[in-house]
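Student: I would like to learn how to read a ligand site and its surroundings. Where do we start?

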Amino acid sequence: MSDKPLITHLFTADPSAHVFNGRIYVYPSHDRETDQPTNDNGDQYDMVDYHVFSMDEVGGEVTDHGVALKLEDIAWAKTQLWAPDAAEKDGKYYFYFPARDAEGIFRLGVAVGDKPEGPFVAEPEPIKGSYSIDPASFVDEDGEAYVYFGGIWGGQLQQWSGNQHDPKGEEPTGDVPAIGPRVAKLTPDMKQFAEEVREIQILDENGAPLKASDHDRRYFEGPWMHKYNGRYYLSYSTGDTHYLVYATADNPYGPFTYGGRILEPVIGWTTHHSIVEHNGRWWLFHHDSSLSNGVNHLRCVKVKELFYDEAGNIKPVS
Ligand code: FUB
């Protein structure tokens with residue numbers, strides 16, 4: 001299969017793919033050139049709007065539906081529109097996104113539209129009790145909807161413990177349990193958390209929590225949830241080791257058991273993805289920095305077919 005970028009007229013990243021009304025919709029970040037300094041805080045990821053893309057099928061023509069939401073139209077958000085996602089309920093579309101608020105703290109917002117491609121109108125306040133970045137929505141077969149989220153370093157997840165904010169909070173090191181992604185069920189109107197945010201545990205093959213020092217397997221950012229043959233698959237980026245990996249559970253909250261690698265490091269520092277089924281085939285949407293010859297914050301979305309073995313293990317994608 002071709003490894004060409006799906007979109008070449010804009011820099012795009014963090015693709016969240018869903019099938020709505022039989023069509024594949026992709027909700028990415030819209031990367032841009034910026035004067036902001038490059039640092040571990042991620043200031044160089046200085047995005048100000050979102051475009052939505054769609055296609056009949058993988059390999060078909062990709063439609064750019066234009067700007068679906070702009071920073072200047074979000075009352076509470078001041079900078080950095082990072083990785084978004086979307087969900088559908090009762091014919092309405094809910095677009096979830098992170099941004100820094102007036103105090104520089106990342107929060108999650110929601111915007112509502114009548115069509116999968118938007119436009120979306122942002123709620124005036126962020127989701128109460130939300131923090132950090134990379135919201136990934138998941139609607140289960142019973143209709144319950146969840147948002148998974150969190151990212152370390154620039155995404156500020158290390159500043160949150162027990163849902164309390166400590167701006168001096170640091171990432172743990174050594175043998176202590178690694179920081180986990182967060183999850184909360186959504187209210188029936190899809191606009192608020194219906195419960196206290198929970199931290200997800202990811203365990204090794206012996207049932208012990210993955211350690212902070214286990215950089216090849218522990219959580220960093222970019223969570224995604226999908227269900228395959230009744231099992232819940234939490235996939236994510238390991239961050240500074242640049243792998244996409246997955247862990248499985250028999251329920252949406254976990255604990256999850258580490259399963260293996262999906263994708264090896266790509267060109268560029270970040271790696272971020274989504275997994276979606278369309279017409280019986282499974283697809284991995286992800287990004288790299290090949291379109292900009294390796295500039296970390298100028299990325300492009302790609303797609304590859306994903307396969308499972310008979311036991312339900314995801315086969316590594318080359
Ligand atoms: O696009 C900005 C950030 O880079 C995302 O939120 C992270 O997941 C990483 O891809």
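**Reading the ligand site**

Tutor: Start with polar contacts, pairs of N or O atoms within 3.5 Å. Within protein, one atom must be able to donate a hydrogen and the other to accept it, and residues adjacent in sequence count only if both atoms are side-chain atoms. Here a polar side-chain atom of D14 lies 2.5 Å from an oxygen atom of the ligand. D134 places a side-chain N or O atom 2.5 Å from a ligand oxygen. For R299, the distance from a side-chain N or O atom to an oxygen of the ligand is 2.7 Å. The protein covers 99% of the 280 Å² of accessible area that the ligand has on its own. Such areas come from the Shrake-Rupley method with a 1.4 Å probe; for residues, only the protein chains shown count as cover.

Student: What should I know about the model and its numbering?

Tutor: This is a predicted model: local features need pLDDT of at least 70, side-chain atom pairs count only at pLDDT 80 or more, and totals for chains, interfaces and linings use all residues. Residues are numbered from 1 along each chain as its sequence is written, and side-chain values use heavy atoms, with hydrogens and water left out.

Student: Which residues surround the ligand?

Tutor: Count a residue as near if one of its heavy atoms lies within 4 Å. The shell is D14, S29, M47, W82, A83, I133, D134, E221, T270, H272, H287 and R299.

Student: How many of the shell residues are nonpolar, polar and charged?

Tutor: Ala, Val, Leu, Ile, Met, Phe, Trp, Tyr, Cys and Pro count as nonpolar, Asp, Glu, Lys and Arg as charged, and the others, Gly among them, as polar. The shell has four of each class.

Student: How do I read a sheet?

Tutor: Strands of a sheet pair through backbone hydrogen bonds, either parallel or antiparallel. Strands are DSSP runs (E, at least two residues), numbered from the N terminus. Two strands pair if DSSP finds at least two bridges between them. β16 runs antiparallel to β17 (231-237), joined by six bridges. In β17, Y232 stands opposite K227.

Student: Which strands form the antiparallel open sheet?

Tutor: Four strands, in the order β5-β6-β7-β8. β5 (85-89) and β8 (121-122) are its edges. Eight bridges link β6 (92-100) and β7 (106-113). F95 has A111 of β7 as its bridge partner.
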